[in-house]
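Subject: Structure handover

Hello,

Here is the structure for you to look through. My notes on it follow below.

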Amino acid sequence: MDTVIVKGSEMASVIKAKLKEEVNDLFPKPQLAILLVGDDEESRRYVRLKEKAVDEIGGQCRAINLPENTTLVELLGQIRELNADPHTHGILVQLPLPGPLATEQETVLSSLSVVKDVDGFHPFNRGKLFSTPPFLVSCAALACMDIITMYRNPRGLLTVLVGDSFDLVQPLALLLMARGSRVCIIPEAHEWEEVAARADVLVVEKGRPLMVKADHLKPGALVIDAGFHWEAGRVCGNVDPMSVTGKAGWLVPVPGGIGPLLIAKLLENLLTAYREQVFAADDW
Ligand SMILES: Nc1nc2c(c(=O)[nH]1)N[C@@H](CN(C=O)c1ccc(C(=O)N[C@@H](CCC(=O)O)C(=O)O)cc1)CN2
């Protein structure tokens with residue numbers, strides 16, 4: 001069987017080209033504020049990717065790097081300023097937060113302006129996933145939905161999600177249920193193999209490097225690797241591409257799959273937030 005390798009970077013390029021055309025006619029330009037606390041190298045890398053992407057479409061990006069020892073009060077104060085700034089249309093706090101701030105993640109995300117929450121992580125935006133249409137939705141979940149709906153109509157498909165994250169598995173499960181997919185969530189990569197072998201769509205977020213092999217798959221399944229394991233400066237995923245090629249129908253690999261598309265969906269969310277703040281304001 002031929003395996004289609006889904007190139008997230010190519011899908012992202014199509015999205016960015018369309019957004020660049022829209023942004024070209026906008027004044028003021030959409031502005032994203034990124035709050036990075038500490039100096040984690042992976043997080044810094046992801047922030048640089050986001051800055052570059054915003055620049056590619058002609059938007060403005062303000063990356064604010066706060067020291068590792070930033071207190072909750074200081075971080076909330078920074079967010080409050082950005083919430084009130086009319087020139088800032090989108091705000092995100094790069095996760096994970098370091099040290100003691102990690103235990104305050106929900107407080108931090110709840111302090112974001114709902115209309116500027118371009119990650120879709122605010123409890124209100126996560127709650128809106130139970131209604132139709134949602135407003136701002138997690139970029140990783142939107143990226144997976146783009147690929148799944150390209151593969152086949154989700155209605156009736158068995159989708160198996162290995163993981164339990166609030167930024168991917170939970171929102172993606174709700175989006176898929178709304179489209180009539182049969183969804184099975186396996187929170188940990190424990191006793192996952194039997195169900196995975198029946199999956200039409202398998203999304204593996206929690207796992208170990210190159211854990212998923214051909215024997216784990218239903219022939220022709222769509223496999224989305226959503227794991228990022230860094231070793232010696234290189235990233236790999238949960239899926240072994242050499243093993244699954246020839247068994248999977250479609251493979252979304254790491255690198256080059258869901259990551260670049262996630263960033264393109266962030267740009268779409270930035271434009272959604274911009275339109276809500278700028279055009280809706282003009283309606284009065
Ligand atoms: N505030 C947020 N924090 C985090 C999120 C998020 O959506 N919002 N998601 C992840 C990290 N992430 C975005 O921040 C992210 C992960 C991976 C990639 C990516 O493009 N990876 C490349 C490989 C790595 C590289 O080339 O540098 C790929 O898969 O091809 C982008 C963004 C946790 N934090």
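R45 puts a polar side-chain atom 2.3 Å from an oxygen atom of the ligand. Q94 does likewise at 2.9 Å, again from a polar side-chain atom to a ligand oxygen atom. G256 uses its backbone: an N or O atom there lies 2.6 Å from an oxygen atom of the ligand. On its own the ligand exposes 680 Å², and the protein buries 87% of that. Accessible areas come from the Shrake-Rupley method with a 1.4 Å probe; for residues, only the protein chains shown count as cover. There are 19 residues around the ligand, and R45, K50, L95, D119 and G256 come nearest. (A residue is near a molecule or strand if one of its heavy atoms lies within 4 Å of it.)

Before you go further: this is a predicted model, where local features need pLDDT of at least 70, side-chain atom pairs count only at pLDDT 80 or more, and totals for chains, interfaces and linings use all residues. Residues are numbered from 1 along each chain as its sequence is written, and side-chain values use heavy atoms, with hydrogens and water left out.

Six strands form an open sheet with parallel pairing, in the order 1-11-8-7-5-6. Strand 1 (4-5) and strand 6 (182-186) are the edges, each pairing on one side only. (Strands, E, of at least two residues and helices, H or I, of at least four are DSSP runs, numbered from the N terminus; two strands pair if DSSP finds at least two bridges between them.) Strand 8 (222-225) and strand 11 (250-252) run parallel and share three bridges. One partner pair there is L222 and W250.

Helix 6 (139-151) touches strand 7 (201-204), strand 8 and strand 11, and its direction makes about 165° with that of strand 8. Helix 7 (169-178) touches strand 5 (158-162), strand 6 and strand 7, at about 170° to the direction of strand 5. (Contact means heavy atoms within 4.5 Å; axes are lines fitted to C-alpha atoms, for helices over the stretch in contact, and angles run from 0 to 180 degrees between N-to-C directions.)

Why is strand 5 called largely enclosed? Five of its five residues are buried, so the rest of the structure largely encloses it. (Buried means under 20% relative accessible area, exposed over 50%, partly exposed in between, with a 1.4 Å probe and protein chains only.) L158, V160 and V162 cover one side, T159 and L161 the other. Five bridges join strand 5 to strand 6 in parallel, and V160 stands opposite C184.

T159 sits in strand 5. Its relative accessible area is 0%. The side chains of T159 and S181 make a polar contact of 2.9 Å. (That is a pair of N or O atoms within 3.5 Å; within protein, one must be able to donate a hydrogen and the other to accept it, and residues adjacent in sequence count only if both atoms are side-chain atoms.)

Last, some backbone points to check:

- T132 and P133 are joined by a cis peptide bond, omega about -5°. P133 is in the loop between helix 5 (123-127) and helix 6.
- V254 and P255 are also joined by a cis peptide bond, omega about 0°. P255 is in the loop between strand 11 and helix 10 (258-282).
- A232 is not a glycine, yet its phi is positive, about 55°. A232 is exposed at 85% relative accessible area.

Best wishes
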